[in-house]
Amino acid sequence: MNRPPAAGLFLCVFAVLLKTLGPTVSCDDSGEVVLAARQLGVMHPPGYPLYMLLGALAVRLPLGSPAFRMSLLAAGLAAAAACLLYTLWRRSAPGHAAFGWAACGFAALAVGAWSQATTAKGGVYGLNAVLALGALAASWRPGSAGAAGLAAGLAWANHWMSAAGVMPALALA
């Protein structure tokens, strides 16, 4: 991975998301997510256990409201997913770095992704994207079937819908 462009992509995506971040509880299950993370509890099925553990750390940050902190985690996960997508792009199309950088940035800021990356509940999907893309990236490296399997298993344990994203990675590994 070309680190400076990936770091720049992370910072650009994160900055845009930070500017539009939800300052408090929003619609959907955001209130339930914040409360479960704050109490290190379990929310409705599937419970999102890994996201709840990360959320329990996030709500203890010394800035903003707990809902803002969870939204901050969601934005960070979305930006990290954009960087992993860029990594995969660079491996598959190494001569088109600038186009890949822009494409991955636009993908991270598309309406559906953006709406989820700025709310407390949306971090569930950002985490699954990070884990699924991480599993796929690991599966492309020889001898890293264990890393791909770990990332895929964590994604699957966090949300059953990630099976569609991690199955190709497991098949490649």
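This is a predicted model: local features need pLDDT of at least 70, side-chain atom pairs count only at pLDDT 80 or more; totals for chains, interfaces and linings use all residues.

Entry one, H3 against H7. I began with this pair and noted that H3 and H7 are roughly perpendicular to each other, because an angle from 65 to 115 degrees counts as such, and the axes of H3 (residues 49–58) and H7 (residues 123–139) cross at roughly 110°, coming within 10 Å. I then looked up the handedness, and H3 passes H7 in a right-handed crossing. On the H3 side I found Leu50, Tyr51 and Leu54, which meet Gly123, Val124, Leu127 and Leu131 in H7. Sorting the residues of this contact by class gave me 6 nonpolar, 1 polar and no charged.

Entry two, H7 against H8. Staying with H7, I looked up its packing with H8 (residues 145–158), and the two helices pack at an angle of about 160°, with their axes 8 Å apart. I wrote the pair down as roughly antiparallel, because the angle is over 145 degrees. The crossing of H7 past H8 is left-handed. H7 contributes Val124, Leu127, Asn128, Leu131, Ala132, Gly134, Ala135, Ala138 and Ser139 to the contact, while H8 contributes Ala147, Ala148, Ala151, Ala152, Leu154, Ala155 and Asn158. By class I have 12 nonpolar and 4 polar residues in the contact of H7 with H8, and no charged ones.

Tyr51, Leu54, Gly55 and Ala58 in H3 meet Arg69, Met70, Leu73, Ala74 and Leu77 in H4. The class list for the contact of H3 with H4 reads 7 nonpolar, 1 polar and 1 charged.

How many of the residues of H4 are buried? I found 20 of the 27, so I noted H4 as mostly covered, with buried meaning under 20% relative accessible area.

Ser71 is found in H4, and I count Ser71 as buried because its relative accessibility is 1%. Leaving aside its neighbours within four places in sequence, Ser71 is in contact with Leu21, Gly22, Ala117, Thr118, Thr119 and Ala120. Ala75 also lies in H4, and Ala75 is buried, with a relative accessible area of 0%. Not counting residues up to four places away in sequence, I see Ala75 touching Phe14, Leu17, Leu21 and Ala117. I also noted that the C-alpha atoms of Ala75 and Val16 are separated by 9.2 Å, although these residues are 59 residues apart along the chain.

Is Gly8 buried, exposed or partly exposed? Gly8 has its place in H1 (residues 3–19), and at 22% relative accessibility I recorded Gly8 as partly exposed. The C-alpha atoms of Gly8 and Trp101 are separated by 9.3 Å, and the two residues are 93 residues apart along the chain.

Terms used:
Residues are numbered from 1 along each chain as its sequence is written. Side-chain values use heavy atoms; hydrogens and water are left out. Buried means under 20% relative accessible area, exposed over 50%, partly exposed in between (1.4 Å probe, protein chains only). Helices (H or I, at least four residues) and strands (E, at least two) are DSSP runs, numbered from the N terminus. Contact means heavy atoms within 4.5 Å. Axes are lines fitted to C-alpha atoms, for helices over the stretch in contact, and angles run from 0 to 180 degrees between N-to-C directions. Angles under 35 degrees count as roughly parallel, over 145 as roughly antiparallel, 65 to 115 as roughly perpendicular and the rest as oblique. A crossing is left-handed if the near helix is turned anticlockwise from the far one by less than a right angle, and right-handed if clockwise. Ala, Val, Leu, Ile, Met, Phe, Trp, Tyr, Cys and Pro count as nonpolar, Asp, Glu, Lys and Arg as charged, and the others, Gly among them, as polar.
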